[in-house]
Structures are given as C-alpha cells and as structure tokens.
Amino acid sequence: MTWYLPFTLLELMLCLLFLVLYGGYLYRIKRLAHQFAQQANTLWIKAALRTLYGALIMVALLGPSFGAMTKEIRTNGKDVLLAVDLSQSMKAADVSPSRLEKVKLELSSFIQQANSDRIGLMGFSSSAFIISPFTYDNSALELFIQSLKTNQAPPDAAQLAPVLNLTLQKFQDLESNRDKERTKILVIFSDGETFGENLQLLAQQMKNKGIHVFCVGVGTTVGAKIPEGRGYKKDKDGQTVITRLESDPLRLLAKTTQGDYFEMSQSTNELPRLVRAVNAVQSEVRQTKVIEVTANKYFYPLLAALLLIVLDVLWTLQVLRI
C-alpha cells in the first residue's frame, strides 16, 4: 500500500486547532455534568463516533493505494522532463490566478495529451531539484504537480544552468544500451527573468546529447507586482518590484537545441502548439513493458466516514438532564 501526502503546514495547523477546540468542548460538557451531579458517559459514545469518522477522513485524504496489479503497455521510446520555475516572481498575477497556478493547470492537460512514455518533474530557482522521477504513472505525477509551491525552492532569482546540468545528469543516469536510442525532451516553464549566466556551452552539450529543449515563457511584458506577506516585494531602495516576462534567454536556448519557444499569458496560450511539437519529435524505439500500477482507494474510507456522519446527525443522545 502506498500513501500520498498532500498536506500543507496550514492544513495540519487547522487540524490541530480543530482537535484543541473539540477537546475544549468535551471538557466543558464534562464540567457541566459535574456541576449538575450527573454522569456524561453517553458523551463519550458521540466522541468515539466522531473520532472514528474524523480518522477515516484523514485516511481518505492521505490517498491510500493498494491492490497492485501488472499492466502491459507499448512504449514509444520518448522521455519528457518538465522543469517548473518556482522563484518568487512566479507568484505574480499578470496571468490569472498567478503564473505558477496557471502552469499547474496547463501541466495537467499536457501530461494527458503528450505522446510520451515516462515523464519526470523538476523544480528550480537558483538551484534545481527533482520532485518526481521519471514515471509511467500520470495520476501520481498530477499529485506532485498540484503540490508545487514557490516555498519549495530558495527565494533567489531563477537560474537555468542548474536545470541544464541536472537534466544532463538524469538522462545520463537513465541510459543503457537500449535507452541510448530513446528520445529525450526537456520542457521549461519560466518567466525568464535575470538568468544572467552564459548558457551557450551547456546548450551545446544538450544538443550533442540529442536532448530537445522546449521553453514556455509565462507572464507578460507589462509585468506585475510580486506578492510578499500582506503587501508586495520591494527592492533595497524601497521601490515596489515589477516582474516582467523576459523571453530572450528562453528563445535562444530553444533555438540552440533545435527546440521551440512558446508563450502563456492572459491572452495567449500556446499549450496546444507545445503538445503538437512534443508529439512531433520522432522516436525510433518501440517496446512493450510490464509495469505495476495501483489505484487510489480513498473512496472506501470516505464513504464509511460519510455514513458515520449521517449516523451522528440522526442519532441523538441525551447527555444532561436540566
């Protein structure tokens, strides 16, 4: 059995707050019963019932997956690595609801339409890191995509050099005698700001390794403010920072590696073109693989919890006689 952990710190704090408040409620009823010289034993029946269905809801949120089975699939020899910019500028709202949220929404559509075998997920700002290794399991990948947040990466400006270095390393790790023939694709989603470094040498290495790079510029040239706390990010002079899409480094990288550049803004969405471009990249390997798949069984504990909630509502118990 496997479990996915979609909880954020805020959600855990809310759960803790609920437990504290509910504990206070039980304590208050117990004190009232004591003041009226009565026993509140029936209260614990309700408490046990609510604790049970609360635990079942938690289990459902964890997403239990079990009942593994094998599945035979035909592969087309194409691996895609998705790199998502998680720098603070991706919180800007010139693309609604924000640049990062728009990317997450479109990525869910992309992985359903892309003609690829394995897809991996990387996050980056001033450094790059793997969030999901290459996988055939699109359902698991979507959970990782929806969990993307800017606080997962250092709060520094985005750099492309770590992305390209990590991409070269990961594709090299995958290589075997057979995998050398597989098509390798990197798709970068970023607002392109302040990359700074000279990427020509790394871009040439990507081209030599046969890695196609597609870049998606997210944002607008007009730009927007960067939310920070209750206000907006300011520079060292106290001026509000405006982040704008800077597409030139993304365009140059895509051109050098025989890829292509696309844009995503409030008025432009070139995701369909990106999907067609990725699908058009030819692959010479055709294989049949047997993989192990699991299904998310959250429905069963959730259904049990709902039945217990209905029972809790319909079943009234007299705790105190006043």
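What you have open is a predicted model, where local features need pLDDT of at least 70, side-chain atom pairs count only at pLDDT 80 or more, and totals for chains, interfaces and linings use all residues. Residues are numbered from 1 along each chain as its sequence is written, and side-chain values use heavy atoms, leaving out hydrogens and water.

Stay on H3 and colour its buried residues, among them Leu100, Val103, Leu107, Phe110 and Ile111. Buried means under 20% relative accessible area, exposed over 50%, and partly exposed in between, with a 1.4 Å probe and protein chains only.

Next, pick Phe134 and Phe171, both buried. How many aromatic pairs does the structure hold? There are two. Rings of Phe, Tyr and Trp (its six-membered ring) pair if their centres lie within 6.5 Å; planes under 30 degrees apart count as stacked, over 60 as edge-to-face and the rest as tilted. Phe134 and Phe171 make a tilted pair, 5.5 Å centre to centre with 45° between the planes. Phe134 lies in strand E4 and Phe171 in helix H5, 37 residues apart.

Now move to Phe214 and Phe262, a tilted pair at 6.3 Å and 35°. Phe214 is buried, at 4% relative accessible area, and Phe262 is buried too, at 1%.

Technical notes:
Helix = DSSP H or I, 4+ residues; strand = E, 2+ residues; numbered from the N terminus.
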